[in-house]
Amino acid sequence: MHGDYLDRLARLARRVRFDDLSDNAVAAAKAVVLDTLGAILAGSRLGENQKLADLAIERSGNRSATIVGRARKADPMFAALANGTAGVALEVDEGNRWGGGHPSIHVFPAVLAVAEELVADGVRFVEALVAGYEITSRIGGATRVRPNVHSHGTWGTAGAAVAVARLLGHEIGALRDVINLATSMSPANTWTPCFEGATIRNLYPGRAGLQGILATHLLGCGFTPIDDAPSDVYGTILAEHFDPAAAVAGLGDDDRVAVYRIERNYFKFHACCYYNHPALDAVHRLLRKTDVAPDDVASITVTSIPFVTRMADPEPRNMLAAKFSIPYAVAAAVVRRDTFVDSFFDDVREDVHVESLAERVRVQGDEAMAIRGDGVTARVVIALRDGRTLAGETRVAHGDATEPPDRAERLAKFTTLAEPVIGATRVKEVIATVDRLEALKDIRELTELTKSAR
């Protein structure tokens with residue numbers, strides 16, 4: 001067994017201190033908070049998420065944690081479930097190329113719920129978020145999942161547990177224990193719900209937040225973990241390989257890091273699976289240079305990472321499935337010149353121009369392409385009926401830490417997502433409050449602003 005790496009991860013999580021964070025790390029944490037709040041607010045409008053929020057409130061005895069986008073509260077575990085589920089529903093939540101998939105939507109809802117219950121200040125909140133995010137990304141980055149394993153709800157459970165344990169003031173031994181307890185509760189999920197558009201898939205991050213909080217309660221109840229759950233669960237069930245050394249790569253002798261994973265994240269500006277983004281960036285760049293009407297296009301060929309061959313259905317059956325269809329997303333980009341939230345709703349999906357063009361999009365994989373690294377991640381060739389050919393490629397998708405959006409672009413995204421729920425005035429207040437997050441004496445100063453204006 002390789003249990004010593006867990007000791008190092010626990011020490012890393014315990015030693016996150018706000019005063020030691022760089023200005024860039026603090027700015028990154030604030031940006032992630034605002035982005036994740038926007039994703040949750042927008043997703044809270046969907047019918048199934050409204051009903052889940054109602055259920056969470058109804059089933060709660062202790063109502064101390066805010067359901068974002070609602071005027072009422074729930075038990076922290078149920079609030080994390082509802083908020084995490086809403087936040088992933090529209091595929092606009094941030095992620096991390098270096099591991100962990102989408103760390104924030106797994107960790108943030110649990111941190112927010114428990115911080116509110118504990119009346120924690122902004123400094124404690126940021127420390128817990130950074131620690132939980134780091135553990136999620138590192139364990140995820142050390143895992144080479146099996147081809148049909150979808151990572152939502154897996155290692156994010158451990159990150160959520162670590163973040164909550166930090167809020168509770170647990171020491172290194174307890175942090176290690178909650179990693180193991182939470183990992184033993186993280187079941188396997190497949191990609192099938194994504195491709196079929198089954199919204200049970202959206203529950204996975206919400207469940208991770210709930211189980212992360214539950215892991216800390218189980219520790220208090222006296223439940224005991226196995227010695228090395230990640231090596232056991234990921235190394236034998238969910239993954240083809242789990243590398244403990246990779247989980248602690250880059251740690252100094254004092255088990256600290258110079259740059260946290262939260263500083264190396266990406267933000268989404270297309271409302272769909274990240275594996276679409278390199279191709280969509282290339283398409284949008286081509287369209288800005290050349291005026292192309294949908295009927296002008298004879299065919300479009302997209303070459304990207306090998307996984308995209310599974311995202312080649314030109315006729316997705318619903319909104320969620322459309323977010324995992326490269327032909328659909330590319331066709332919507334050409335027809336609408338837009339690939340944000342509205343472009344995946346049913347009225348667009350059923351547009352005959354989008355349907356027709358999606359049938360003319362060919363998708364192929366290239367074994368030399370990979371999301372991690374700085375090589376080419378997508379090539380797009382648009383063949384026009386007049387014989388011309390437009391070609392472009394992407395290395396790193398816009399929104400990544402190496403191709404960062406500016407503040408105005410991030411705020412515009414948040415405003416678009418949040419304003420229909422909380423109104424223009426509250427949007428400005430949330431932005432201002434997140435900007436001074438470390439000065440908050442009570443995290444409820446922020447959560448009070450996320451209640452619906454309706």
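User: Is V119 buried, exposed or partly exposed?

Analyst: The relative accessible area of V119 is 37%. Buried means under 20%, exposed means over 50%, and partly exposed lies in between (1.4 Å probe, protein chains only). Therefore V119 is partly exposed.

User: What should I know about the model, and how are residues numbered?

Analyst: This is a predicted model: local features need pLDDT of at least 70, side-chain atom pairs count only at pLDDT 80 or more, and totals for chains, interfaces and linings use all residues. Side-chain values use heavy atoms, with hydrogens and water left out, and along each chain, as its sequence is written, residues are numbered from 1.

User: What is the phi of V119, and where is its place?

Analyst: V119 is not a glycine, yet its phi is positive, at about 55 degrees. Most residues other than glycine have a negative phi. Helices (H or I, at least four residues) and strands (E, at least two) are DSSP runs, numbered from the N terminus. V119 sits in the loop between α5 (103–118) and α6.

User: What is the volume of the largest pocket?

Analyst: The search uses a 1 Å grid over the protein atoms alone and a 1.4 Å probe. A pocket is an open set of points with protein on both sides within 12 Å along at least five of seven lines, and lining residues have an atom within 4 Å of a point. Volume is the space filled by probe spheres set on the points, which are joined across faces, edges and corners. For the largest pocket this gives about 990 Å³.

User: Which residues are closest to its centre?

Analyst: In all, 37 residues line the largest pocket. The largest share, three residues, comes from β3. Closest to the centre are V145, W191, Y275, I371 and R372.

User: Which element gives the largest share of the lining of the second largest pocket?

Analyst: This pocket has a volume of about 330 Å³. Its lining has 21 residues, with A27, A28, A31, F267 and R410 nearest the centre. Two elements, α2 (23–43) and α18 (407–435), each give two or more residues. The largest share is six residues, and it comes from α2.

User: How many aromatic pairs are there, and is the W191 and F195 pair stacked or tilted?

Analyst: Rings of Phe, Tyr and Trp (its six-membered ring) pair if their centres lie within 6.5 Å; planes under 30 degrees apart are stacked, over 60 edge-to-face, the rest tilted. The count is 12 aromatic pairs. W191 and F195 have 6.1 Å centre to centre and 15 degrees between the planes, a pair that is stacked.

User: Is W191 buried or partly exposed?

Analyst: Ring pairs link W191 into a cluster with F195, Y275, F307 and F324. F195 is partly exposed, at 21% relative accessibility. W191 has 8%, so it counts as buried.
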